[in-house]
Amino acid sequence: MEDSEKTNQIVVLLIGPPGSGKSTFSDTVMRSSLRPWSRICQDIINNGEAGTKAQCLKMALSSLKEGNSVFIDRCNLDREQRSEFVKLGGPGIEVHAVVLELPAQVCISRSVKRTGHEGNLQGGRAAAVVNRMLQSKELPKVNEGFSRVMFCYNDADVEIAVNTYIKLGPMDTLPSGCFGEKKSDTKSQPGIMKFFKKASDIIVEKAEEFLPKVGTARLVLVDLSHGSKILSLVKAKASQKNIDSARFFTFVGDITKLRSEGGLHCNVIANATNWRLKPGGGGVNAAIFKAAGPDLETATRVRANTLLPGKAVVVPLPSTCPLHNAEGITHVIHVLGPNMNPNRPDNLNNDYTKGCKTLREAYTSLFEGFLSVVQDQSKFPKRSNQTALSDSGENIKEDSERNKKYKGSQDNAVTNNMESGSLEDTRDSGKKMSKEWSTWALALHTIAMHPERHENIVLEFSDNIVVINDQYPKARKHVLVLARQESLDGLEDVRKENFQLLQEMHNVGLKWVDRFQNEDASLIFRLGYHSVPSMRQLHLHVISQDFDSDSLKNKKHWNSFTSSFFRDSVDVLEEVKSQGKANVASEDLLKGELRCNRCRSAHPNIPKLKSHVRSCRSQFPEHVLQNSRLVARPET
DNA sequence: GTTCTAGAAC
DNA sequence: GTTCTAGAAC
């Protein structure tokens, strides 16, 4: 590394309203950092008084000339305000953004509390100022010119970000890309606000309908975030309809800590789950499964394996479960909403009418599930009916003791996860059109049928399979294992009777992985199928995870191997064995954003993505690490 | 000006 | 699937 070409200075734009902790952030880093920093604070730049943007720019330039990295400590809340600071970047100077997205109330109370603050923004005016600033806020994007953007939503995130910069020595660099951003991008889903409005109407309507039926029980709508649109809409609607706010109310907090942190005594919580009823997804579902531990999964399996949109399933928690003994939760009701995520298979594609219908159904199923719990608890133990709505019903003894202890009533907390639109569903799209194949798409089929005519490209073949190098490899090593059976065009055609063949393809793939790793032990592989292949004839991709190839040129290439459009062979085998066919994902996934296959950071275009991927040494995502989806040699 | 994407043709 | 290229994005 030549020191002539690398100076590695950084301009960090701190982005956040007054009270978000910008000054604290830079001060904390500067106190412990080995790298020379300057803090450029517009509030004090003018001999201790507030100054101008121009003064900040001037001072930033001179600090950079002296060889310092700089913190730009001003609100920087919109793109225009940031643009001139972004231009400070250049050879040897990267521009980063650190976004301090703390709850508005936190920022306001901090601004109010500080007395001699440099910005002189104390007193009651603080709330007005912060709120006004937040209204016109534009979050930064990498394509604004930042080589790195990092989002912080709470103190823990801030601490991580501070440490990231403290640890950064004078010659170190940080991976480029966008980190930590919550994807609640309402702008990218047109009509979503309208849907929120409608959704909140449905929630209130259903709550109103069920309240008289559930005796003294109360219903609570919970959301983690203070800025929750749904929560404020529901609140407004409920008071407008004169619903008893002691019986139905909203609550901001963590649904897995309602008792310990929120002081709310709920027996039953609703979980906005996924169709597989499995942990994960990152939202409330992941949080609830995590808090409940393996008990919840086991108890869930007893009731159901999958769930249709609009349905709910009541799962009693064993007393060993941490959610039960620490938080007093006796039941989790899993409920599946409509699938509005355009990146998911079988989504409703902005069909909000259908979405609302499913949502209404979901709340009906949920409340009926809750009703069955309440009835079981108040009457004699009985099995509730097996309804079309869900596989519910459980024998729970009345617990008057608990009711006394907790001053009466039971709360049913209903979370909401519509804002991320992360719910998915499982329904088959059904009919498969017999596809017309273009001539170019027949190449693999031809080779599979007559491998002996293509000796030059065929690596090996047997009665059942042919192995070839991918003609346009998308990574250092990329081979295809073709099925030789005539009727198998792609993954969608695979059935139980093909299990043996799939197993053989998988084993042959593993054999080639082994060969490649004998040459280079650092190569890491995945084996899998494209959900919807472009070329005819079922083929298994055996591909190293470096994606270091000039043939990888566009978004479709990238996403076809790194999104869930790529179906790992191990999962396909498992699904074919258990369900008789494999799940296939939607082609919409190919249009999704570009994310690193290791650290999942987002990148604005293919060249930037590839340059990031070349140097990213992050561990692979949890999902990929499990179930032998990744084939790697142990590190030596 | 250059870089990058996306759509049509094959 | 790739190649080519117009024009969008930078």
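Student: Before we start, how are residues, chains and ligands labelled?

Tutor: Residues are numbered from 1 along each chain as its sequence is written, while chains are lettered from A and ligands numbered from 1 in the order in which they are written. As the model is predicted, local features need pLDDT of at least 70, side-chain atom pairs count only at pLDDT 80 or more, and totals for chains, interfaces and linings use all residues, with side-chain values using heavy atoms and leaving out hydrogens and water.

Student: Which residues touch the most other members of the largest nonpolar core?

Tutor: A nonpolar core is a set of buried Ala, Val, Leu, Ile, Met, Phe, Trp, Tyr and Cys residues joined through side-chain atoms within 4.5 Å. Buried means under 20% relative accessible area, exposed over 50% and partly exposed in between, with a 1.4 Å probe and protein chains only. The largest core has 32 residues, and the two that touch the most other members are Phe248 and Phe370.

Student: Which element gives the most to this core?

Tutor: Elements here are DSSP runs numbered from the N terminus: helices (H or I, at least four residues) and strands (E, at least two). Those giving two or more residues to the core include α7 (192–210), β7 (218–223) and α12 (352–378). With nine residues, the element that gives the most is α12.

Student: Leaving aside neighbours within four places in sequence, which residues is Phe248 in contact with?

Tutor: Contact means heavy atoms within 4.5 Å. Setting aside those neighbours, the partners of Phe248 are Ile203, Val204, Ala207, Leu211, Leu219, Val234, Ala238 and Ile243.

Student: Is Asn559 buried or exposed?

Tutor: Asn559 sits in helix α16 (residues 555–562). Beyond four places in sequence, Asn559 touches Phe565, Leu589, Leu590, Lys591, Gly592 and Glu593. Its relative accessibility is 3%, so Asn559 counts as buried.

Student: Which backbone oxygen does the side chain of Asn559 reach at 3.0 Å?

Tutor: A polar contact is a pair of N or O atoms within 3.5 Å; within protein, one must be able to donate a hydrogen and the other to accept it, and residues adjacent in sequence count only if both atoms are side-chain atoms. A polar side-chain atom of Asn559 lies 2.9 Å from the backbone oxygen of Leu590. The one at 3.0 Å belongs to Gly592.

Student: How far is a polar side-chain atom of His557 from a phosphate oxygen of DNA strand C?

Tutor: Residues near the strand (a heavy atom within 4 Å of it) include Lys474, Lys553 and His557. For His557 it is 2.6 Å.

Student: What kind of aromatic pair do Phe547 and Trp558 form?

Tutor: Rings of Phe, Tyr and Trp (its six-membered ring) pair if their centres lie within 6.5 Å; planes under 30 degrees apart count as stacked, over 60 as edge-to-face and the rest as tilted. The centres of Phe547 and Trp558 are 5.1 Å apart, with 65° between the planes, and the pair is edge-to-face.

Student: And what about the rings of Phe547 and Phe561?

Tutor: Phe547 and Phe561 each have 4% relative accessibility, so both count as buried. Their ring centres are 6.2 Å apart with planes at 45°, so the pair is tilted.
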